Amino acid sequence: MALIIKDTCTACDACVLDCPNDAITEGDPIYVIDPLRCTECVGEYDEPQCQLVCPVDECILGDPEFQETEDELQAKYEQLHE
Ligand code: SF4
Ligand code: SF4
């Protein structure tokens, strides 16, 4: 599933450059993940890089609106990087 940034985001900018899919952008007032580009980092990393670097606990969580299997996430990654 895609991840979603909660409103506890402090807009620190730490997560943006670590996303392999350019899925994170600055929003107003918090940063935003494009669910059509987020693969949970499948295709590049073993775990979501944005969650690793975010200094705020539980700020970035799974988005239940965008449930996807590992295979679907991999296919999404490959489509994004054709
Ligand atoms: Fe980007 Fe990975 Fe975070 Fe998704 S989980 S927004 S692909 S860094
Ligand atoms: Fe917001 Fe966390 Fe990204 Fe910083 S790293 S902009 S607090 S989601």
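What percentage of the 82 residues in the protein is buried? Buried residues make up 33%, where buried means under 20% relative accessible area, exposed over 50% and partly exposed in between, with a 1.4 Å probe and protein chains only.

A word on the ground rules: this is a predicted model, with local features needing pLDDT of at least 70 and side-chain atom pairs counting only at pLDDT 80 or more, while totals for chains, interfaces and linings use all residues. Residues are numbered from 1 along each chain as its sequence is written, chains are lettered from A and ligands numbered from 1 in the order written, and side-chain values use heavy atoms, leaving out hydrogens and water.

1. Overall fold. Along the sequence you read β-β-β-α-β-α, where helices (H or I, at least four residues) and strands (E, at least two) are DSSP runs numbered from the N terminus. The radius of gyration is 12 Å, close to the 12 Å from the globule rule for 82 residues, so the protein is as compact as a globular protein of that length. That radius is taken over C-alpha atoms, and the rule is 2.2 Å times the number of residues to the power 0.38.

2. Box and contacts. Along the principal axes, the C-alpha atoms fill a box of roughly 30 × 25 × 20 Å. Take the contacts (heavy atoms within 4.5 Å) between residues at least 6 apart in sequence: 70% of them join residues at least 24 apart.

3. Ligand 1. Around this ligand sit L3, C19, P20, N21, I24, I33, C38, T39, E40, C41, P48 and C50, each with a heavy atom within 4 Å of it. The shell splits into nine nonpolar, two polar and one charged. For that count, Ala, Val, Leu, Ile, Met, Phe, Trp, Tyr, Cys and Pro are nonpolar, Asp, Glu, Lys and Arg are charged, and the others, Gly among them, are polar.

4. Ligand 2. Here 14 residues form the surroundings, and the closest are C9, C12, D13, C15 and C54. This shell holds twelve nonpolar residues, one polar and one charged.

5. N21. You'll find N21 in the loop between β1 (3-5) and β2 (24-25), and it counts as buried at 2% relative accessibility. Leaving out residues up to four places away in sequence, N21 touches R37, C38, T39, Y77, L80 and H81. With the side chain of H81, the N21 side chain makes a polar contact at 2.8 Å. A polar contact is a pair of N or O atoms within 3.5 Å; within protein, one must be able to donate a hydrogen and the other to accept it, and residues adjacent in sequence count only if both atoms are side-chain atoms.

6. E68. This one is in the loop between β4 (60-62) and α2 (70-80) and is partly exposed, at 24% relative accessible area. The E68 side chain reaches the backbone nitrogen of A2 at 3.4 Å and makes a polar contact with the side chain of K76 at 2.9 Å.

7. Most residues other than glycine have a negative phi, and most peptide bonds are trans. Have a look at A11, which has a positive phi of about 55 degrees although it is not a glycine, and at D13, also not a glycine, with a positive phi of about 80 degrees. D13 sits in the loop between β1 and β2 and is partly exposed at 42% relative accessibility. A cis peptide bond joins D28 and P29, with omega about 10 degrees; P29 is in the loop between β2 and β3 (32-33).
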